[in-house]
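Subject: Structure for you to look at

Hello,

Here is the structure I promised. Please open it alongside this note. My findings follow below.

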Amino acid sequence: SKISNILNYPNPFSTATQFVYTLTGIEAPDHYIIQIMTVSGRIVRELTELDLGPLRIGTHRTDYAWDGTDMYGDRLANGVYLYRMIVKDQNGENYEKYDNGTDRFFRNNFGKLVILR
């Protein structure tokens, strides 16, 4: 089982964005989370499987659309934010990542998203 780099679409966004992923293998991961943080590394929001819903094998866009708010429901300021996805199997092992042509947009498994309101 492997997962591609996660991209948010649209990017930049003003009201909401969804996350696009490709998942291979025969079963979906047991645990996953998307951490959204400031460029200084402070986590401002964590999107869990409760927010995003189940991941499905194949290439998909999440049903959940994140509205650019922090963990308290306050709107985040305009600007650049970093995100990463942590995916683990039933044994607690991290899913391997594979390149689907998007690696150039990521550094050390971190992607960038932009909020413009």
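Buried here means under 20% relative accessible area. N5 has a relative accessible area of 4%, so N5 is buried. Please bear in mind that this is a predicted model.

First, the surroundings of N5. The residue sits in the loop between β1 (2-4) and β2 (7-9). Which residues does N5 contact, leaving aside its neighbours within four places in sequence? They are V20, K97, Y98, T102, D103 and F106.

Two of these contacts deserve a look at the side chains. N5 and D103 are joined there by a polar contact of 2.5 Å. With T102, the side chain of N5 makes a polar contact of 3.5 Å.

F105 is 100 residues from N5 in sequence. In space, the two lie 9.0 Å apart, C-alpha to C-alpha.

Next, the largest pocket. About 150 Å³ of space lies in it. Its lining consists of I3, R84, M85, I86, V87, N94, Y95, K97, N108, N109 and F110. Which strand gives the most to that lining? Strand β7 (residues 79-88) does, with four residues. By type, the lining residues are six nonpolar, three polar and two charged.

One residue links the two topics. K97 is in contact with N5, and K97 also lines the largest pocket.

Best wishes

Terms used. Residues numbered from 1 in each chain as written. Predicted model: local features only at pLDDT ≥ 70, side-chain atom pairs only at ≥ 80, totals over all residues. Heavy atoms only, no water. Helix = DSSP H or I, 4+ residues; strand = E, 2+ residues; numbered from the N terminus. Buried < 20%, exposed > 50% of the residue type's maximum accessible area, 1.4 Å probe, protein only. Contact = heavy atoms within 4.5 Å. Polar contact = N/O pair within 3.5 Å; in protein donor to acceptor, adjacent residues only side chain to side chain. 1 Å grid on protein atoms, 1.4 Å probe; cavity = no way out; pocket = protein on both sides within 12 Å on 5 of 7 lines; lining within 4 Å. Points joined across faces, edges and corners; volume = space filled by probe spheres on them. Nonpolar A, V, L, I, M, F, W, Y, C, P; charged D, E, K, R; others polar.
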